[in-house]
Every structure is written in C-alpha cells, then in structure tokens.
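Let's take a friendly walk through a protein model, looking at its charged pairs and its open spaces.

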Amino acid sequence: MIYDVIIVGGSYAGISAGLQLARARRKLLIMDAGQRRNRFADHSHGFLGRDGYHPAIVASEAKDQLLAYPTVTWISQAAVQAQAGKNVYVVTAESGEQFAARRLILATGVKDELPDIPGLATLWGKKVFHCPYCHGYELEGGKTGVLATSPFAIHQALMLPDWGPTTLFLNKAFEPDAEQLANLARRGVTVEEEPVLSVGEEQAEVTLVSGRKIKLAGLFIQPRTHIHCPLAAQLGCEFEAGPTGKFIRVDAMRETTVAGVFACGDAAVGAGNVAIAVGDGARTGAAAHQSLIFR
C-alpha cells in the first residue's frame, strides 16, 4: 500500500497537519515515538480553548479526534530511516517494517539540551522554562531569573520584566556590551556576574559559587536544541542556524529543499510553542495536500 502522506511525529504539529489531510479524505500514516517536547510540563498555556490544560490531555484528545477519520493509520514507533525514490518516499520503522507514501511530512520536534547545573533538570517544566508566553503569567509577578547559556539570553532578559522583576545570571556565558547593559538597565534588569553553582530542587532558588542564595518564582534558560531524528539529514534536507540550534530549512509552502518532503513544528521553526506548532502543522498539511493536486 502507498499512502498519500506519511507524517513522522504525532505531537501537536503532526496531528494538526494530519487533520487537514484527513479532512481532505487522503490516506495517511502517522508514526510517533511518544516523546512530546513538553511532556515535563504540568500545564500548557496560550492555546485557544485549551489554556491551562495538561499537555498530555491536549495531545490525547487531539489524537482521538484525528483517529476518528477512517483514512488515518497510527503506529506508535519511531521512524529510523527514510529514502526518497521517484515520486515515492519509503520510511523504515524501528521494527524494520517499511512504509511508502507520495509525500512525507517531518514533524519530529527537537530535543532540549540543558546546562549541566545540579537541580536544573529536576525543575525543567516545573520552575525552569524556556518560553515566557507559556509560563510567565503563572509566576504571579514574582522574581524571575534568566540563566545565560548564550548571547540570546539578552532577548529573554529584556522581555521578562513584563512578567516580574528580572535578574540576568551571566554565568560566564558571555559579556554584554555597553549598549546591551544600557538596555538592561532601562528595563530594570539586575545583572549578576557571579557564577551559578546549583538550583534548588524544591523551588527555583539559585545558589551562587559564594554560597549566596537568590529565591525566584521561576527561572528561564535557553536550552540548546537538537533535531535528534535522523530522517531530515538522511534525505539530504538543508538546515538553518537558529538562536538555539539548527532547524530544517523550508520555503513559504513549508517544503524542505528535498521535493515532496515537508517539515513543520519545532523542527522547522526557530522557536515555538503549542499554538505556533498547531498553526504551522495546519499550514503544512494543507500545503502537502495541494502539492498532490497541482503538480
């Protein structure tokens, strides 16, 4: 059997792309390893109609709604290999089974690499975050920290005073120039040069190397992101450099540099959240469908 489309990745972007194709009565296969990027968070925010819901509930309900369409097949396996042939794409699952389709959508997401600081991983998604729009409001205007891992920390630090008093922990990641320091001062950001030793596991309390402790309502970081699924590289897709890592290059129709292969969600957007992933998936599903018609 040759599907119209195979979607690799069954999180928010992949399901959203699949919904457009299912409603066009196209036969599609979704391959998903069950590793949502936001699985560490207890709440999802900023998504219309689901603000404050548990991310697993949002994903589960979306999956159930998609599977109600009779042309959709779902397998809970990782995709480990992909090959492009003449007007067909063959994807191999971890079981060794192979599947073919006329189009391929990569909605594989990214993996976050956290700084190697004790306590940080335990609080990831609870008191340590990467997206102010997703988690800033719930800090109730409390003291907020930004732990620098790159110069991109300036961007976060200038944004976060809208959510609460902000301290930028440079942690020897970089040195702000005079203009950056002036902008930080204008926004009321405190700059802390002393390196961070650890983060408290019960609350977002930063301990500096001197032993001084700074209690925070929440801490924001800029994790390095990695496209851990090998398919895009195997197919020869080009990548772009983003603020936290590489992502898949796509055109205005969300098609990669390999014809017939599309990409969406965090793997194809330099930064994102649930709402952005869903919107990007909808665009990509529609674009893949139209490519089946018009060329």
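## Buried or exposed?

A residue is called buried when its relative accessible area is under 20%, exposed when that area is over 50%, and partly exposed in between, using a 1.4 Å probe and protein chains only. With 12% relative accessibility, Glu192 counts as buried, while Arg212, at 36%, counts as partly exposed.

A word on the model: it is predicted, so local features need pLDDT of at least 70 and side-chain atom pairs count only at pLDDT 80 or more, while totals for chains, interfaces and linings use all residues. Residues are numbered from 1 along each chain as its sequence is written, and side-chain values use heavy atoms, leaving out hydrogens and water.

## Salt bridges

The structure holds 13 salt bridges (a side-chain nitrogen of Lys or Arg within 4 Å of a carboxyl oxygen of Asp or Glu). One of them joins Glu192 and Arg212, at 3.1 Å from N to O. This pair links distant parts of the chain, 20 residues apart: Glu192 sits in strand E11, and Arg212 in the loop between strands E13 and E14. Strands (E, at least two residues) and helices (H or I, at least four) are DSSP runs numbered from the N terminus.

Asp112 and Arg37 also meet in a salt bridge, at 2.7 Å from N to O. Here 75 residues separate the partners, with Asp112 in strand E7 and Arg37 in the loop between strand E2 and helix H2. Asp112 is buried, at 17% relative accessibility. Elsewhere, Asp4, Arg26 and Arg102 are linked in a network of salt bridges.

## The largest pocket

A pocket is an open set of points on a 1 Å grid over the protein atoms alone, where a 1.4 Å probe fits, with protein on both sides within 12 Å along at least five of seven lines; lining residues have an atom within 4 Å of a point. The largest pocket holds about 770 Å³ of space, a volume being the space filled by probe spheres set on the points, which are joined across faces, edges and corners.

Which residues lie nearest the centre of the largest pocket? They are Ser11, Gln35, Arg36, Arg37 and Asn38, among 47 lining residues. Helix H1 gives the largest share of this lining, three residues.

## The second largest pocket

About 400 Å³ of space lies in the second largest pocket. Its lining has 25 residues, and His130, Phe152, Gly270, Ala271 and Gly272 are the closest to its centre. Helix H5 provides the largest share of this lining, three residues.
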